[in-house]
Structure formats: C-alpha cells, structure tokens
Amino acid sequence: DWYLKNNSLIQSKQISVQFIGSIGSKNPIPFSDFDCLIILPTSIMYDDKKIKLFKRLYNKLNYFAYLYDPFQHHNVFTITEIELANGLPIFYPLRLLENKWGYGRNHFYYKDRNYNNCKMDFINNNQYLRKLDYGQCLPNTAYHLKYILSVIYIMPVYFFNAKNKYYSKRESIEKIKRISPMIKDYLNWISKFR
C-alpha cells in the first residue's frame, strides 16, 4: 500500500494498478493468488525515464507477488486501456474489475457481448485435464501441481462463461457445487488438499 501510494507513475495517474480475484475483492483466503494488473493508458508516450520507472514498478510488484506466494504460476499482467476497451474475455471477465481495489487512474471499460471463444476456454482446459489423465502425467514440481489446481478451480468460471454468465471464481465454484454433489465432493477434497 505504501509503495503503490507513493509511486510517481501512480501519483501522477499515468497508469493504474488493479487487483482482481479474491485480493481485489479484499477477501483472500490463505492460498489465494496475487492477481494483479498494470493498466497502461494508450494516449501517453513513454520516454526512457518513464520506461525505467515502469520496469521498476513491474519488477517490484512481481517481487511482492512471490513474497506473497512463492509458488506463483504467473507474473503481474500488463494490459492497455485499448485492450480493456476491446474486451479480453480469455483473460478475465472484465465486468469483474468493477468495484475492485486499485491505485491510480480509474478506467473500467467493458462491453457486454456474446463471446464465442468462451466455449473454447472451457474446452481447452477440459482437454488439458483429459490429456493429463490419459497419459497419467503426474506433476513433478510444486509449481506444476499448483498450475493443475488452478486449472481445476477456474473450470467452473469457464463453464458459466460458455453460457454467457459471468461470476467470480468463488461464486462460480459455489454455484457448481449446488448443481452437482459429486463435483462438490471433489472440489471440497481439492480445497483441503490445496
């Protein structure tokens, strides 16, 4: 909080840092990921000095991410306002950015539209898990195991997205548990294991 409030790029509202997921909702659980976006405006030109400041901010946020969780399976994401305006359904349901915790500029652009590739997210993740099962590929690192658990936990989100319904990961998991007692048992076991 102190670092971000005192960062010159954020103080001057040239960029913003946005937290998403459970941290963005301010209700993380002990094994929540450090989900963070740096949003770059498209209208500002970056000279060498600003690029160095941006790299320093990016590296510092990644440092914080790995302090928070040494088994992070991704880095801090960087996107532009134009990408937000055009929509990034594969990355994250953008309407979930609203009313979340962030610093700097306030810009939440999204369009309600029917995304055909939402079905592909669900299919691709399902195929990844089937491939692991078919080949009996067991994870050989904690990093790989955490990635597999993340894929499992995001599946309910992609399932509802494929039906053009957008919920947070937590809401999606709770809804899918109410639909299927078998899935509820599996997710509860995975949660305890995790």
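Ser-16 stands opposite Gly-104 in strand 4 (strands being DSSP runs of E with at least two residues, and helices runs of H or I with at least four, both numbered from the N terminus). The model is predicted, with local features requiring pLDDT of at least 70 and side-chain atom pairs pLDDT 80 or more, while totals for chains, interfaces and linings use all residues. Residues are numbered from 1 along each chain as its sequence is written, and side-chain values rest on heavy atoms, without hydrogens and water.

Strand 1 (residues 16-19) pairs with strand 4 in the antiparallel sense over three bridges; pairing requires at least two DSSP bridges between two strands. Both belong to an open sheet of four strands in the order 3-2-1-4, with mixed pairing. Strand 3 (77-80) and strand 4 (102-104) are at the edges with a single partner strand each, so one side of each lacks a neighbour in the sheet. On average, neighbouring strands of this sheet are turned by 20 degrees against each other, direction ignored. Helix 4 (residues 48-68) lies across strands 1, 2 (36-40) and 3, and runs at about 170 degrees to strand 2 (contact means heavy atoms within 4.5 Å; axes are lines fitted to C-alpha atoms, for helices over the stretch in contact, with angles from 0 to 180 degrees between N-to-C directions).

Seven aromatic pairs were found in the whole structure, a pair being rings of Phe, Tyr or Trp (its six-membered ring) with centres within 6.5 Å, stacked at plane angles under 30 degrees, edge-to-face over 60 and tilted otherwise. The rings of Trp-189 and Phe-193 have centres 5.4 Å apart and planes at 5 degrees, so this pair is stacked. These two residues, Trp-189 and Phe-193, are four residues apart in helix 9 and therefore separated by about one helical turn.
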